[in-house]
Amino acid sequence: MKKVGYHNSISRKLYLSLALMLTLSLTSFAQDAAPAATATPAATTAVAAPAVTQGGDPVKGKEIFNTNCAACHKLDAKATGPALRGVGAKYDKVWIYKWVQNSGDLIKSGDATAVKVFEANNKIPMTPFPQLSEADIDDIIAYTMEKKEAAPAVLPGAKPKGEETGISNDIILGALSLIMAILIVMLFIVNKSLRKVAAANGIDVSPKEPTLPIWKAFAKNQFLVLVTSIFLLLASAFFVYGYFMQVGVDQNYSPVQPIHFSHRIHAGSNGINCNYCHSAARVSKNSGIPSLNVCMNCHKNISEVSDTTATAEFSKADYDKEIAKLYKAVGWDAANQKYTGVTEPVKWVRIHNMQSFVYFNHSQHVTVAGVACQTCHGPVQTYEVQKQFAKMTMGWCIDCHRKTDVKMQDNNYYTKIHEQLSKKYGVDKLTVAQMGGLECGKCHY
Ligand code: HEC
Ligand code: HEC
Ligand code: HEC
Ligand code: HEC
Ligand code: HEC
Ligand code: HEC
C-alpha cells in the first residue's frame, strides 16, 4: 500500500516537470516568432507614392535627363546649373521649351526671366538642345515633377542582411539550461524518494568509506608528476614564444580615418586605378596619399552617392556626410560652386609603418618586379575600411624573395647579370634571393 503511494508520487512529479518543460520551451519559441510575424504587414505598407505627371512620361524623361542634363543638373541640389525638382511649376511650359532648345537666344532676345536666371547663376551658358522636341521636354518636366522618394526607413525589428533569422542562439541556450536545471531538480527528487523507500524497507544506505583524494594519489606518482611538468614547461614556452613573436606586428590594423574613405567604392565599384591616387608608387620609394585636389577632380561634381551605393552598414546619408567633410576640408561651397579659401588639412592616420632601419622601395617592386599591389596589400578593392593586410615582418620579405623569380624579359639591365648568375647557379631562372635579395645591407641601412 505504502510502496504504491511512493511510486505514484514519483511518476506524478516526473509528469508534472515534463509538462512544465514543454510549456516553457513552447512559449519561448512563440516569443521569437512574434516580431517576425508583425514585420510582414509593415513591409507591405511601403507603397510608392503616385507620380505627379503633366502629360509627359517620367520614365522616358529620366532617360533623356540622364543623357543630356545630368552633367550639369541634379534634381535636389545645385550643380553647375540649379536644382530642377519642380521646375515645371516654376515657369510657363512654353518658356521652358524655348529655354531648353536655346537659352542663349532667349537671353539675347531680352526675355526678363531668362536674363534674371542667367545672372543669378554666374552667367554660365547652358548648352542649347535644338534636337529635343516639345514632347521630349514634356517628359523631362514630368520627371522633375515626381515627388522626392523618401529614404527607405529601417523597419523596427528588421534585422540587417546576412544575420540569421531563425531561433536565436540565446533562446536555444536558455531552453537548454532550463532543461538541465529541471533534470537536476528531478534527480534530487528521485534520490530523496528512493532513500525514503529504502528506509521504509529497512535497507542501510550510509555513505562509503572515504578514499584517497585524487590529487594526493597524483602527487605520490613521481613519473606522472615528471611528465606533467615537462608538458607544462613546453606549453608555456610555446605561448611565450608566440607572444614575443607578435610584438610590433600590426597585421589587420585598421584605424578610424577622419573621412570615411571606402576603397570598395572607389577602386572596386567605380574601378578607379590605384595609380590615379597613389601615383608615386610606380616612380618612387613611397606610395603616398593623394592630396585633396585630386579628390576634387571628381568631387566637384559628385556631391552625393547614388541610392544603390548604400549598404546595410552605411546609409546614403552616412556617405553624403563624409563627402561634406571633404568639402569642408578643401573649402568648397557646393551651393555656390566655388572655393571659399578656408581650408583645413585632413589628418589621415598612417596604417603601414615600416621600422625606420629598413629600406623598402615601391617602384622597385611595382615597376621593376611587376608585383601587383594586391599581393602585398590584399584585395584592397573590397575594403570598406583600409587595413594592414601583410605581417610586414622580416620573414615575410625573405619568404617572398626566396620564392619569387626576377622578371628578366624586356629588361636590358638584367641581361649581363643573368648571364653570369645563371652560370654560377646552373639555373634558367633566378630568384630574388639568388640575386642578392637576402643580403642584410640591401634592406638594412
Ligand atoms: C552645360 C551645362 C548644362 C546642361 C547640359 C544643361 N543645363 Fe540647364 N542650366 C545650366 C545653367 C548654368 C543654368 C543656369 C542659367 C544660366 O546660367 O544659363 C541652367 C538653367 C536651367 C533651367 C532654369 C532653372 C531655374 O530654376 O531657373 C532649366 C529649366 C534647365 N536649365 C533645364 C535643362 C534641361 C532640361 C537640360 C537637359 C536637356 C539642361 N538644362 C541641360 C546648365 C546646363
Ligand atoms: C580615389 C583615390 C584612391 C584610389 C583609387 C585608391 N586609393 Fe588607396 N588610399 C586613398 C586614400 C585617401 C587613403 C588614406 C585613407 C585610408 O587609409 O583609407 C588610402 C590608403 C591606402 C593604403 C593605406 C596607406 C597607409 O596609411 O598605410 C593602401 C595600402 C592603399 N590605399 C592601397 C591602394 C590600392 C592597392 C589601390 C588600388 C586597388 C588604391 N589604394 C586605390 C585613396 C585612394
Ligand atoms: C576618379 C573619381 C574620384 C576621385 C579621384 C575621388 N572620388 Fe570619391 N567618389 C567617387 C565616386 C564615383 C563615388 C561614389 C558615388 C556613388 O556611389 O554614387 C565617390 C564617393 C565618395 C565618398 C562617399 C563614399 C565613401 O567612400 O565613404 C567619399 C567620402 C569620397 N568619395 C571621398 C573621396 C576622397 C577623400 C577622395 C580623394 C582622396 C576621393 N573621394 C576621390 C569618385 C571619385
Ligand atoms: C612588395 C610588397 C608591396 C607592393 C607590391 C606594394 N606595396 Fe605598398 N607598401 C608596402 C610596404 C612594406 C609598405 C610600408 C612602407 C613604409 O612604411 O615605409 C607599403 C606602404 C604603402 C602605402 C602607405 C604610404 C607609403 O608610401 O608608405 C600606400 C598608400 C601603398 N603602400 C600603396 C600601394 C599601391 C597603390 C601599390 C601598387 C601600385 C603598392 N602599394 C604595392 C608593400 C608593398
Ligand atoms: C610579393 C613578393 C615580395 C615581397 C613581399 C617583398 N619583396 Fe622585395 N623584391 C621582390 C622582387 C620580385 C624583387 C626583385 C626586383 C628586381 O627585379 O629588381 C625584390 C627586390 C627587392 C630589393 C632589391 C634587391 C636587389 O638585389 O637589388 C629590396 C631591397 C627589397 N626587395 C626589399 C624588400 C623588403 C624590405 C620587403 C619587406 C618589407 C620586401 N622586399 C618584400 C619581391 C618581394
Ligand atoms: C628582404 C629584406 C631584409 C633582409 C635581406 C634582411 N632583413 Fe632584417 N629586417 C627586415 C624587416 C622588414 C625588418 C622589420 C621587422 C619588423 O618590423 O617586424 C627587419 C628586422 C631586423 C632586425 C630587428 C629585429 C626585429 O624583428 O625587429 C634585425 C636584428 C635584423 N633585421 C637583422 C638582419 C640581418 C642580420 C640580416 C642579414 C642576414 C637581415 N636582417 C636581412 C628586412 C630584411
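**Entry 1: Met392**

I began in the loop between α16 and α17, where Met392 is found. Helices here are DSSP runs of H or I of at least four residues, strands are runs of E of at least two, and both are numbered from the N terminus. The model is predicted: local features need pLDDT of at least 70, side-chain atom pairs count only at pLDDT 80 or more, and totals for chains, interfaces and linings use all residues. Residues are numbered from 1 along each chain as its sequence is written, while chains are lettered from A and ligands numbered from 1 in the order in which they are written.

I noted a positive phi for Met392, near 60 degrees, in a residue other than glycine. Is Met392 buried or exposed? Met392 counts as buried because it has 21 C-beta neighbours inside 10 Å. The cut-offs are 20 or more other C-beta atoms within 10 Å of its own for buried, 12 or fewer for exposed, and in between for partly exposed, with C-beta atoms placed from the backbone.

**Entry 2: Gln337**

I then looked up Gln337, which is not a glycine but has a positive phi of about 55 degrees. Gln337 sits in the loop between β1 (332-333) and β2 (338-339). I put Gln337 down as partly exposed, because its C-beta neighbours inside 10 Å number 17.

**Entry 3: ligand 5**

I listed the surroundings of ligand 5 and found 24 residues, of which Phe360, Ala369, Cys397, Cys400 and Lys442 are the closest. A residue is near a molecule if its C-beta atom, placed from the backbone, lies within 6 Å of it. Two or more residues of this shell come from each of α15 (362-368), α16 (373-377), α17, α19 (433-437) and α20. Which element gives the largest share? I found that α17 does, with 4 residues.

By class I wrote down 15 nonpolar, 7 polar and 2 charged residues around ligand 5. Nonpolar means Ala, Val, Leu, Ile, Met, Phe, Trp, Tyr, Cys and Pro, charged means Asp, Glu, Lys and Arg, and the others, Gly among them, count as polar. Domain 3 (263-403) and domain 4 (413-443) each give at least three residues to the shell around ligand 5. These bounds come from an automatic or database domain assignment.

**Entry 4: ligand 6**

Around ligand 6 I found 16 residues, with Thr393, Met394, Cys397, Cys440 and Cys443 nearest. The elements giving two or more of them are α17 (394-403) and α20 (440-443). With 4 residues, α17 gives the most to this shell. I sorted the shell around ligand 6 into 8 nonpolar, 6 polar and 2 charged residues. At least three residues come from each of domain 3 (263-403) and domain 4 (413-443).

**Entry 5: the nonpolar core**

I looked up the largest nonpolar core and counted 11 residues, among them Trp99, Leu106, Ile137 and Tyr143. Such a core is a set of buried Ala, Val, Leu, Ile, Met, Phe, Trp, Tyr and Cys residues joined through C-beta atoms within 7 Å. Two or more of its residues come from each of α4 (93-101), α5 (103-108) and α7 (134-144). The largest share is that of α7, with 5 residues.

I found Tyr91 in the loop between α3 (87-90) and α4. Tyr91 is partly exposed because 15 other C-beta atoms lie within 10 Å. Its C-alpha is 9.1 Å from that of Thr113, 22 residues apart in sequence.

Buried residues make up 9% of its 445 residues.
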